[in-house]
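User: Could you walk me through this model? I'd like to start with a helix end and then move on to the ligands.

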Amino acid sequence: MIVAPSILSADFSKLLQEVKEVQEYGAKFLHIDVMDGHFVPNITMGPVVYKDLKGKVDLVFDVHLMISDPLKYAKDFVAAGADYITFHYEAVEDKMEAIETIKKLGVKVGISIKPNTSVEVLYQILPYLDLVLVMSVEPGFGGQKFMSNALDKIAYLAAQKKQYNYSYLIQVDGGINKETAQLCQKAGCEVVVAGTYIFESDDRQGAIKGLLAL
Ligand code: DX5
Ligand code: ZN
C-alpha cells in the first residue's frame, strides 16, 4: 500500500519537520489539500505553502484541488512542485480539456469524485487518467467518518483497470484508519490518504507501518 499523509492535519508551525518525519517512517506520497471556500466550505492552502518543501524531501507531491476553477490555477501548483494534480469531476464541465491541460503542464493527472457522484460517470475518461481519487467523506474537513459507499467504487475501478489494463492508481481519501484502509485494500485500493490517523497518533510510526503493511 502506498501511504499519503495529508498535511491538513500536520502542525504548520513545523511543517518541514512533520513532513520529514512521515517520510522517514515510509510514506512515499505527500497529500496536499487545497480548498477555496467556494467548491468546499473551507479555505486551506495555496502553492506558497508547499513550494519551499520541494527539494528538501523526497516525496511525491500529490495535490488535491478542491477548488471551483482548477485550470485557472493548475500552472501555479505545478510551478510550486506538484507531481500529481487531482481536480474534481464536479468542478469542471469539460473533463477531457482539464485532463489534457494538466498533462501538458508535465505532471500526472487525477480526477476525484465526491461521495454522491457515481463512479460510472468516469467510464469514458478512465484510459486517460494517472490517478482516480474516491472521496470517502464529503470534501472540506479532516477528521470525518469513513463512508463505506467508497468501497464499491474502488472495486469498480479495480475491475476496469484489470479488464482494460489501465494505468491509473486507485486512491481513497477521508476517514482512513487501519480498519477502513484494510477494507479499501481488499476492494482494490492502492493509495490511502490519511490525515488525523497519522498526525494525531501518539505513535505515528506505528500508524504508518500498519498502513504500509496492508
Ligand atoms: C478532506 C481532505 C482529506 C483530509 C483527510 O476534504 O481531502 O485529505 O485531509 O483527513 P482525515 O484522514 O482526517 O479524514
Ligand atoms: Zn484530500
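User: What does the side chain of Asp94 reach at the start of H3?

Analyst: A side-chain oxygen of Asp94 comes to within 3.3 Å of the backbone nitrogen of Met96, at the start of H3. That is a polar contact, meaning a pair of N or O atoms within 3.5 Å, where within protein one must be able to donate a hydrogen and the other to accept it, and residues adjacent in sequence count only if both atoms are side-chain atoms. Helices (H or I, at least four residues) and strands (E, at least two) are DSSP runs, numbered from the N terminus.

User: Before we go on, what should I keep in mind about the model and the numbering?

Analyst: This is a predicted model, in which local features need pLDDT of at least 70 and side-chain atom pairs count only at pLDDT 80 or more, while totals for chains, interfaces and linings use all residues. Residues are numbered from 1 along each chain as its sequence is written, chains are lettered from A and ligands numbered from 1 in the order in which they are written, and side-chain values use heavy atoms, with hydrogens and water left out.

User: Back to H3, then: which of its residues are buried?

Analyst: In H3, which covers residues 95–104, the buried ones are Lys95, Ala98, Ile99 and Ile102; buried means under 20% relative accessible area, exposed over 50%, and partly exposed in between (1.4 Å probe, protein chains only). Seen down the axis, these buried residues fall within an arc of 100 degrees, so they line one face of H3, the arc being that of the directions from the helix axis to the C-beta atoms. An α-helix has 3.6 residues a turn, so residues three or four places apart point the same way.

User: And what do they pack against?

Analyst: The buried residues of H3 pack against helix H2 (70–79), strand E4 (84–88) and strand E5 (108–113), where contact means heavy atoms within 4.5 Å. After H3 comes Gly106, with a positive phi near 90 degrees.

User: Switching to the metal, which residues coordinate the zinc ion?

Analyst: The zinc ion (ligand 2) is coordinated by His31 through NE2, Asp33 through OD, His64 through ND1 and Asp173 through OD, at 2.0 to 2.3 Å. Donors here are N, O and S atoms within 2.8 Å of the metal (3.2 Å for Na, K and Ca), and water is not among the atoms, so sites may look incomplete. Along the sequence the donor residues are spaced H-x1-D-x30-H-x108-D. Asp33 in strand E2 (residues 29–35) and His64 in strand E3 (residues 60–66) are 31 residues apart, so this pair links distant parts of the chain.

User: Are Asp33 and His64 buried or exposed?

Analyst: Asp33 counts as buried because its relative accessibility is 4%, and His64 is buried with a relative accessible area of 0%.

User: What about ligand 1: how many residues surround it?

Analyst: There are 20 residues around ligand 1, the closest being Asp33, Gly140, Asp173, Gly195 and Thr196; a residue is near a molecule or strand if one of its heavy atoms lies within 4 Å of it. A polar side-chain atom of Asp33 is 2.7 Å from an oxygen atom of ligand 1. A polar backbone atom of Gly140 is 2.8 Å from an oxygen atom of ligand 1, and a backbone N or O atom of Gly143 lies 2.8 Å from an oxygen atom of ligand 1.
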